[in-house]
Amino acid sequence: MTLKFLQLFKKDDFQEALDGLSIAISPSLLKFLNINLNEPVYVCLAKRNVQVAVQTHSLEKQDIVFSTDLEKSLLLPKEIDTFLIPYFNKNQLIHLGPVIGILTEINDDKKEIIFPSIQHLCKELTEELTQIGGFFYLFGLQNVQEDKMNGYFFHHNTWNRLDFPYPHVIYNRLHSRKADSSTAFLKLKKLLEEKDIPIFNSRFFSKDETYQLLNKSATMHKHLPLTKQLTYQNFISMLTFPLLYVKPVHGSQGRNIIHIEHLNNGFTATISSGKRKGKTKLFSDEEKLWKWLEGYAKRRSYICQQGIDFLKSQERSLDFRILCHKNYQGNWTITSIVARIAQKNAIVANLAQGAEMQPAKVVLHELLTTEKAVQKIEELKALALEIAAILSENTDGYLGELGIDIGMDKQGHLWVIEVNSKPSKKLEEHIEKTRPSTKALLEYFIALSFSPCLKEISEDE
């Protein structure tokens with residue numbers, strides 16, 4: 001089912017002449033919306049619903065004028081002048097949107113508010129929504145109030161603090177796992193459930209959880225390196241592999257990963273980040289190696305994972321990041337595929353650890369024949385879509401995007417490295433045009449924002 005939209009443009013014509021909570025529209029728009037003036041009429045901005053008086057004037061069909069009192073009652077920022085409304089109209093309601101809330105960490109005490117990790121995303125969203133209609137705002141867990149949100153609105157390259165209505169949809173961009181499991185966040189999720197407001201990508205995946213979920217699928221077994229919780233018994237049993245990775249269960253950005261290699265005279269261990277980044281330690285036997293690892297394992301949970309001898313680019317570690325997004329129909333699609341090439345002698349290919357990014361097609365064409373490169377791109381896409389489908393089917397709540405990291409061994413076989421439910425938004429900031437990933441997010445925002453209208457259509461049919 002496809003829902004069509006009409007753009008409405010807010011005008012200031014004779015606004016001062018409108019009294020109380022009222023709007024002015026043209027007779028043609030009144031007819032288009034199938035509104036009966038003998039019955040109560042409502043304007044709805046996200047979750048804020050206000051009964052209004054309606055005046056008809058000789059405006060353009062797509063124009064609407066709000067009284068000053070109505071703008072205040074709706075908590076509508078003065079700067080917003082374009083909206084989408086669904087063609088389908090019911091219950092005498094003019095449904096304006098989309099209104100998008102982005103949840104992130106905010107320090108309200110700072111004089112200058114900046115959001116470096118999502119600054120470029122916010123710039124893109126502002127540009128796109130200015131053309132499409134609707135708006136977004138940022139808020140923190142501390143900004144949630146009983147009947148409204150207090151947050152930040154981006155205008156003229158400045159963040160302005162305002163009160164807003166509860167949004168249609170919330171995009172979770174909390175970067176802290178601690179915040180994601182906090183009492184404040186759990187309280188917010190419960191409140192959103194009561195208000196029927198979807199929040200998507202509402203939590204991080206842990207590495208062991210991802211492995212367990214994917215391992216239930218018979219078709220995924222051949223793509224999963226053997227992964228176990230790091231215990232002494234598990235570690236010793238996995239030393240039969242020539243290469244191992246020890247990773248924090250809740251780690252991210254390639255930090256604190258330990259690369260262990262089996263040599264004839266013992267073992268080497270190399271860590272991916274911190275003061276010891278890239279430095280190799282030599283151990284003469286497995287007991288000494290385990291004693292050293294225990295220092296890490298006592299502080300946090302780790303997994304032990306079979307290492308794969310991946311194909312390299314110019315003798316540098318290589319993997320592929322596939323971005324997947326749900327589209328308007330709720331189906332997973334591939335948004336982009338990039339190759340990540342590690343720094344020389346680095347053990348991981350994460351951008352946060354200095355890796356560089358190149359188009360996957362370019363890198364694969366350098367490493368393989370043209371025919372095999374094209375085939376491998378299709379295999380990467382198919383595997384990523386299968387992973388996204390499995391995880392979304394076995395995860396509570398909404399998943400709207402995933403960053404899936406896949407490596408390829410020297411025989412061309414694909415292996416799942418990691419799945420990230422909150423992929424970085426700092427990629428490709430040098431590109432001036434709006435990224436496909438941002439456009440895909442907008443499509444999902446709009447789908448979730450107007451999903452009640454879609455439900456009503458289905459029920460009527």
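First, the ground rules. The model is predicted: local features need pLDDT of at least 70, side-chain atom pairs count only at pLDDT 80 or more, and totals for chains, interfaces and linings use all residues. Residues are numbered from 1 along each chain as its sequence is written, and side-chain values use heavy atoms, with hydrogens and water left out.

Now the chain as a whole. Its secondary structure comes to 12 helices and 24 strands. Helices (H or I, at least four residues) and strands (E, at least two) are DSSP runs, numbered from the N terminus. The C-alpha trace spans about 90 × 50 × 40 Å along its principal axes. Of the 461 residues, 53% count as buried. Buried here is under 20% relative accessible area, exposed is over 50%, and partly exposed is in between, with a 1.4 Å probe and protein chains only. For contacts between residues at least 6 apart in sequence, 68% join residues at least 24 apart; a contact means heavy atoms within 4.5 Å.

On to the aromatics. Rings of Phe, Tyr and Trp (its six-membered ring) pair if their centres lie within 6.5 Å; planes under 30 degrees apart count as stacked, over 60 as edge-to-face and the rest as tilted. By that rule there are 18 aromatic pairs. One of them is Tyr137 with Phe164, which is stacked, at 4.2 Å centre to centre and 5° between the planes. Tyr137 lies in strand S9 (residues 135-139) and Phe164 in strand S11 (residues 158-164), so this pair ties together parts 27 residues apart in sequence. Both Tyr137 and Phe164 are buried. There is also an aromatic cluster, made of Phe115, Phe136, Tyr152, Phe154 and Trp159.

Two lysines sit over rings. The criterion is NZ of Lys or CZ of Arg within 6 Å of the ring centre and within 35 degrees of the ring normal. Lys422 has its charged end over the ring of Phe204, 4.3 Å from the centre. Lys247 lies over the face of Tyr245, at 5.8 Å from the ring centre.

Next, helix H5. The expected span of a helix is 1.5 Å times one less than its number of residues. For the 13 residues of H5 (residues 183-195) that should be 18 Å, and the end C-alpha atoms are 18 Å apart, which agrees. Which residues of H5 are buried? They are Phe185, Leu188 and Leu192. Seen down the axis, the buried residues of H5 fall within an arc of 55°, so they line one face of the helix; the arc is that of the directions from the helix axis to the C-beta atoms. Turned away from that buried side are the exposed residues Thr183, Lys187, Lys190, Glu193 and Glu194. The partners of the buried residues of H5 are strand S8 (99-103), S9, strand S12 (169-172), helix H4 (177-180) and strand S13 (199-200). After H5 comes Asp196, with a positive phi near 60°.

Now strands. Two of them pair if DSSP finds at least two bridges between them. Strand S3 (residues 41-45) runs parallel to S7, joined by four bridges, and Val43 stands opposite Ile94 in S7. In S7 (residues 93-96), Leu93 and His95 point one way, Ile94 and Leu96 the other way, and all are buried.

At the other end of the numbering I picked S23 and S24. Strand S23 (residues 401-408) and S24 pair in the antiparallel sense over six bridges, with Met408 opposite Leu414. The two strands form a hairpin with five residues between them, and Gly412 in the turn has a positive phi of about 90°. In S24 (residues 414-420), six of the seven residues are buried.

Last, the backbone exceptions. Most residues other than glycine have a negative phi, and most peptide bonds are trans. A cis peptide bond joins Gly97 and Pro98, with omega about -10°; Pro98 lies in the loop between S7 and S8.

Leu75 has a positive phi near 60° and lies in the loop between helix H2 (68-74) and strand S6 (82-86). Is Leu75 buried or exposed? Its relative accessible area is 18%, so Leu75 is buried.

Gln314 also has a positive phi, of about 55°, in the loop between strand S19 (302-306) and strand S20 (318-326). Gln314 has 62% relative accessibility and so counts as exposed.
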